Amino acid sequence: MIKLMRYLRGYKLESVVGPLFKFFEACLELLVPIVMARVIDVGVKNGDSGYILRMGAVLAAFALSGVVCALTAQYFAAKASMGFGTKLRADLYRHVNRLSFAELDTAGAPTLITRLTSDANQAQASINLTLRLLLRSPFIVLGAIAMAFTIDARLTLIFIGATALLGLCVFFVMRATIPLYRRIQSRLDRVSRLTRESLSGARVIRAFSRQASEKADYEAETGELLRAQVRAGRLSALLNPATSAIVNAAIALLVWQGGYRVFAGGITQGEVVALVNYMTQILVALLALSNLIVQMARGSASAARLNELFALRPSIVDGPGAQTVESANAVEFQHVSFRYPGAGAPSLADVSFAAPRGSTIGVIGGTGSGKSTLVNLIPRLYDATEGSVKVFGADVKQYRLRELRGRIGVAPQRAALFRGTIRENLQWGKPGATDEEITRALAVAQAADFVFASPEGLDRHIEQGGRNLSGGQRQRLTIARALVGEPDILILDDSASALDYATDARLRRAIRENTRDMTVFIVSQRVSSIRQADAILVLDDAHLAGVGTHEALMRDCAVYREIALSQEKEAKA
């Protein structure tokens, strides 16, 4: 938790003022038993109603001042903790967005979501309670013991013994619960993963009538989470009854021994009442402290998980800046191999080819042959394990990422759109793009017809993930987004799979006619989509099985010929 305290730097005043006013409130609270003792020993004993009223006014002033101090402390503690949470989440979000695909794949989306939400909330709640109670509760305990010592040193031993027993209870409960809360957050990751899979795959689940099995898996996982939470809750719940039992036993012992001391003339009745009040104050303070400790245990577990996330360093960082190189090739792969972290076999093995400027390159192969992996290495979404990838003559590792990716437009395999208007989504490809530029990109992507068929046009609202659009419409908008920035290299990663053959043909013709200086990579499962390409890369089990035109590959490449002939048979059937 200490490592996360840096997010309180902008709230130093609030972090001091909040506990300080809690300290003032505690001081006033410690004075109340002394005033009550005077009321009993002087006012009640002598029947002096005037003195009782004056002391009552003092108590009322203490109460009012305590309320003002408490409200002030609560305000500043809440302001500091909210600021802490805001800075923490913003930094987490920035950090996650700096991570490369390799780290994101390793961490996984469910655990990232849990850490950005639940763990951050736990850390914020811990800071809030710490600022409110960390100074107040121990001060009340120690202050009550000190005040009791001024009344009767012998009876103060009861306070010290009770406090020592309570400290042991707190230590053992905290030692047992911190590992449990860490496991609970890990279980929460799994529940988050199952929830995400069930929501994103709802159609598949229903299509295969797997609702019952998914429900059973979910109930099993949430059942494990419930059992872990109940176990931790039971251990944490021991603090309150243990604290109450010890303090109430101490009060009973105090009254018993205090009666003997009053009878012997060592202390007054009012002082016994004051001692009982101090013991009660210790009880209340320790109950609050136990809640703080439980929250700190949860916060510590969450802080450890957040620090683990911060410890993930991006493996892909900016290069020093690429030097301008006169090269006839837009992209070159030189003996490139790539293996995903933890994978047994490579996804690409010793791949070499060159894509001239302004050429159209088709990429085809079976499922899992490495097509998407190959084009993902061009904008440096991943780094090659071996070999080098060059863009316009310079190694991609020499480029600054913004500079490299600013020259490349990508329409990914899975069409991803964001909540907002069509205009806002397409301006991701070029911030500040004019309506004319957007319309031109839509026309090339064969999306202008359905966009302008709507009265809203470019202002048409898109739901998260493009839920209110068909698959083909989402893909065409994704292609338009890649085109609007007029990139030097355009990558279409199987981004026309949902289009019918006629629309696909018009799209390819429009791209060929309107992007003459642009190097285009078309990843596709259809031979018809790439047969007009200047060169076709055929991938088979991570290896480059052939490079050439459609005619040359039909003659010389058995893998390509098999794919083409099988699709021709399917078309005839």
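Tutor: Happy to; we will go through ring pairs and then charges over rings. This is a predicted model, where local features need pLDDT of at least 70, side-chain atom pairs count only at pLDDT 80 or more, and totals for chains, interfaces and linings use all residues. Residues are numbered from 1 along each chain as its sequence is written, and side-chain values use heavy atoms, leaving out hydrogens and water.

Student: How is a pair of aromatic rings described?

Tutor: By the distance of the centres and the angle of the planes. Rings of Phe, Tyr and Trp (its six-membered ring) pair if their centres lie within 6.5 Å; planes under 30 degrees apart are stacked, over 60 edge-to-face, and the rest tilted. This structure holds 13 aromatic pairs. One of them is F333 with F353, stacked at 4.7 Å centre to centre with 25° between the planes. F333 lies in strand β1 and F353 in strand β2, so the pair ties together parts 20 residues apart in sequence. Strands (E, at least two residues) are DSSP runs, numbered from the N terminus.

Student: Are F333 and F353 buried or exposed?

Tutor: Both are buried. Buried means under 20% relative accessible area, exposed over 50%, and partly exposed in between (1.4 Å probe, protein chains only).

Student: What about F418 and W428?

Tutor: Their ring centres are 4.3 Å apart and their planes at 5°, so that pair is stacked too. F418 is partly exposed at 37%, while W428 is exposed at 56%.

Student: Which charge lies over the face of Y501?

Tutor: R526, at 4.5 Å from the ring centre. The rule asks for NZ of Lys or CZ of Arg within 6 Å of the ring centre and within 35 degrees of the ring normal.

Terms used:
Helix = DSSP H or I, 4+ residues; strand = E, 2+ residues; numbered from the N terminus.
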